[in-house]
Amino acid sequence: RPPSPGFPLPPGPAQGPPPATRPPGPLCKLLCVKMPSVSDLKEAGSCRAPPLLPDLPSGPLRTYRKKASFNWKEMAVFIEDEDLIHFKSRVFTAFEHDPLFARLPGEELSLEKYRELTFLRCKRLFEYDFLRLEDILEKPLKIMVLITCLGMYDWSLGAKYLLNSQVFKGAIESSGSERHEEFLKQNGNMENFGCFALTELSHGSNTKNMRTTARYDPSTQEFVIHSPDFEAAKFWIGNLGKNATHAVVYAQLHTPDGRCHGLHSFVVQVRDPKTLLPMPGVLVGDIGRKLGQNGLDNGFAMFHNVRIPKENLLNQTGDITAEGTYTSAYKDLKQRLGASLGALSSGRVMIIAMSVVNLKLAVSIAIRFSATRHQFGPTDEKEIPVLEYQMQQWRLIPYLAAVYALDYFSKSLFMNFIEFHVGLLMKDKSPRQAELGREIHALSTSGKPLSSWLAQQGAQECREACGGHGYLAMNRLGDIRNDNDPNCTYEGDNNVLLQQTSNYLLSWMSSRRQDKGPMTSPLGSLDYLEGYDHILRQRFTASSVHDCMDASVPLSAYKWLVCYLLRESFQKLRDQEQSGCTEFEARNNSQVYYCRSLAIAFIEHTVLQRYHDYVHGADTPATLQPVLKRLCSLYGLWSLNKHMAVLYQGGFASGEKAGRLVQDAILELCSKLKDDAVALVDVVAPPDFILNSPIGRADGELYKNLWSSVLQGSQVLERPSWWAEFCANKPIVGRLRSRM
């Protein structure tokens, strides 16, 4: 079967009525008025389709736009072809013209209203049917583009839709068989609504020790799903809190002979779709308010001897006969567990893109703000934009370079995963397919930490770079930071995931030491390690700032860094084992400064290498190469600078000159990119309605937009409801003084 993640986009160009007039007051009033149907919206659109990339509004930002060394529209079409630009425009236009998606900056909703509104918007996506099977087959990247469009609007909506239409449905597609087609069909028209129930109250990263059980009863040909105690309750499950009707539940499969065959996945109905009341034996609820993404209902579930049909076992990795005999193509329990959890790889690949979106949003707001915010200057009479200050450039422009490098990496890794997924669907059992899966796993388990941490650090830096205005909720930087925060944790804690990447690299070292021949690297991530001995003999040779500004300098340094950390990590493990440590103790004692640093250096090199090859490729227009090469070099040097202590410690660099050259080159590149920064943001920023930040709007009218948004707030000019407590009821000072 071809993949059918079930992502929605309207057929034909996005057409609709003029943008809906926003009603005054809280958004929740929208829920009290009759909404036009999607067909009404489509029929109302009689105007011509908008241009591919409309001109940006004139205003204070025009000063920087005129200084740009490239055409921003040419850049946009180069990094995201016309078809994808049209696709995004159709989604964004639909949202802007639909009153259900109207909002005011910084408006607060109660938890219940926010959940309701998120669900109604999710339901609307089914009505739009944005992305059909033929669209996916023609251009799979549209799956990622749709999810990132939803996230740019609101990650609660993006996550709710993703968990049902991609993660729940994708788990059934990849782990199930033809007998599960009915679940997929029902999911496509919202007859069921799904979630992915893996983690438990007492277990998260240690998946193989999940305690929910599924015991097979041959007398009724049913599995009995049971939570042995409250610590085994499924917990943190997105969509489960309020409206999921079905869950892919991971449980330990037990056969009548008393044997446990490890973690398997089952489709379990948790609520009645007609009433949304729990099914018999199911205790299900909401875990409450979180730090962010509060429109998404994360929940818990306990199962008390809940019976499900035998056929609800997702049987790709293992099955059971009517009599209770277990069969599996995987004889090894570790292989079986890995195959059972295969759905997590796609999630990690998607989280990389989600993190990049958050960094795009934060950087877009902060750079537009910095280009229009004037403070101080060479004379008392003339203030200059804060973007002109070296400190502001150094704080923000490296994150802009990271946006471009990581954006390309996330798209290319997604396409690598699609290739692997097609191989699975085609039952490809070749050695290359197996190695491709291992390599993608290593890249995703390090790519997620790199991107989510960078987005988290970048969002905070952007918040601070916008001063007090950055702290105002309506400018969205706080929401971006808080909504990105879970990316560092779900689908695997970042620090735990990095161990899987370092284990992959250490297995290369073991193979080398045992003369087993080189590990194959279908994507080329390990190819340079064949020059391991030669690389370790290399040293830092750049003699000027100009030399350092070539991306080949950080690339060669990163190759040395990976080889050095690989050698040191391998040796550290051996030393630990020889000193009497168990394998567990040896690995535990070798993470900090060794294996963790190895995994980070490896993925940073991979991102830089891919972006370097892309930027220097023959298809890159000559008009765009200069600015793209600067972005590439800046990202490489800025990332490398965090490892300078190790470069000196290992002998790659010596004397003060090397460190000074790298620092000076970073500052020089920031300065050279300063005049291009606004245009580079224009390429990646969504429309104002989606960005939803008064200080980040495309016209650059910073103070007009901010002042207008403040005055539109609810009750901003009214006295407080508790005014009498101040005006009439004065305190009696000392009345409650302690008598102790």
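Predicted model: local features only at pLDDT ≥ 70, side-chain atom pairs only at ≥ 80, totals over all residues.
## A strand with both faces covered

Phenylalanine 196 stands opposite valine 248 in β5. Strand β1 covers residues 194-197, and strand β5 covers residues 246-254. The two pair in the parallel sense, over four bridges.

Which residues of β1 lie on each side of the strand? Gly194 and Phe196 are on one side, Cys195 and Ala197 on the other. All of these are buried, and both faces of β1 are covered.

## A buried helix

Helix α25 runs over residues 677-684. How many of its eight residues are buried? Eight of the eight are, and the helix is mostly covered. The buried residues of α25 include Ala677, Val678, Ala679 and Leu680. Val681, Val683 and Val684 are buried too, and so is Asp682.

## The chain as a whole

The chain holds 28 helices and 13 strands. Its radius of gyration is 27 Å, close to the 27 Å that the globule rule gives for 740 residues, so the chain is as compact as a globular protein of that length. Along its principal axes the C-alpha trace spans about 90 × 80 × 75 Å.

Buried residues make up 55% of the 740.

## Salt bridges

The whole structure has 31 salt bridges. One of them joins aspartate 81 to lysine 139, with the closest N and O atoms 3.0 Å apart. This pair links distant parts of the chain, 58 residues apart. Aspartate 81 sits in the loop between α3 (72-79) and α4 (82-97). Lysine 139 sits in the loop between α6 (133-138) and α7 (141-153). Aspartate 81 counts as partly exposed because its relative accessible area is 32%, between the 20% and 50% limits.

The side chains of aspartate 407 and lysine 411 meet at 3.0 Å, N to O. Both residues lie in α12 (residues 390-425), four residues apart, which is about one turn of the helix. Are these two partners buried or exposed? Aspartate 407 is buried, with a relative accessible area of 10%. Lysine 411 is buried as well, at 12%.

Lysine 674 and aspartate 675 form a further salt bridge, their closest N and O atoms being 3.3 Å apart. Lysine 674 counts as buried, at 12% relative accessibility. Aspartate 675 counts as partly exposed, at 24%. Elsewhere, salt bridges that share partners join Glu80, Lys88, Lys360, Asp407 and Lys411 into one network.

## A nonpolar surface patch

Which residues make the nonpolar surface patch of about 600 Å²? They are Leu472, Trp707, Val710, Leu711, Val716 and Leu717. Leucine 472 lies in the loop between α14 (467-471) and α15 (477-484).

Notes
Residues numbered from 1 in each chain as written. Heavy atoms only, no water. Patch = residues over 30% accessible without salt bridge, like charges linked within 9 Å, V, L, I, M, F, W, Y side chains within 5 Å. Areas by Shrake-Rupley, 256 points an atom, 1.4 Å probe, with all protein chains shown as cover. Salt bridge = Lys/Arg side-chain N within 4 Å of Asp/Glu carboxyl O. Rg over C-alpha atoms; globule rule 2.2 N^0.38 Å. Buried < 20%, exposed > 50% of the residue type's maximum accessible area, 1.4 Å probe, protein only. Pairing = 2+ DSSP bridges.
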